[in-house]
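Have the sequence and the model open as you read along.

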Amino acid sequence: MSGVLALGALFAGSSAAQAYGWGQAANWNNAWNIRSAQTTSAPVIARIPAKQDVPCWYEYCTGEETGGSYSCPGSSATYNTWVPLNYKGRKGWVASRCVGFGQG
């Protein structure tokens, strides 16, 4: 995916953990938030446009943790699992049920 390659250049030389996979909005029509902690009340450190991806913090997008509850756009179901991403060398969290994961 070209987005992974383009964003990969932003992380060159970063001292943060190596990113092996990527996260991308599961609903391609909505932008998505990367937050500073695993809750919707945590500050948003980045708002990622629809169809853009961001590297995961851990290999194969592991490290899912339980946090605050959330609902994804277009759904009334609630979830509470979060995955860490690497946004410009900073660890941020994304609502795992609202984002798709893959390998870059």
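Are Cys 56 and Cys 61 buried or exposed? Both of these cysteines are buried. Keep in mind throughout that you are looking at a predicted model.

## How the cysteines pair up

Searching the whole structure turns up two disulfides. If you number the bonded cysteines of the chain in sequence order, the pairing reads 1-2, 3-4.

## The Cys 56 and Cys 61 link

In this disulfide, Cys 56 is joined to Cys 61, with an S to S distance of 2.0 Å. The link is right-handed, with 80° about the S-S bond.

## The Cys 72 and Cys 98 link

The other bond to find on your screen is the disulfide formed by Cys 72 and Cys 98, whose sulfur atoms lie 2.0 Å apart. This pair links distant parts of the chain, its cysteines being 26 residues apart. To locate Cys 72, go to the loop between strand S5 (65-70) and strand S6 (79-87). Cys 98 sits in the loop between strand S7 (90-95) and strand S8 (99-103).

Turn to the geometry, and you will find that the link of Cys 72 and Cys 98 is left-handed, with -100° about the S-S bond.

Why does Cys 72 count as buried? Its relative accessibility is 11%, and buried means under 20%. Cys 98 has 17% relative accessibility, so Cys 98 counts as buried too.

Conventions:
Residues numbered from 1 in each chain as written. Predicted model: local features only at pLDDT ≥ 70, side-chain atom pairs only at ≥ 80, totals over all residues. Heavy atoms only, no water. Disulfide = S-S within 2.5 Å. Buried < 20%, exposed > 50% of the residue type's maximum accessible area, 1.4 Å probe, protein only. Helix = DSSP H or I, 4+ residues; strand = E, 2+ residues; numbered from the N terminus.
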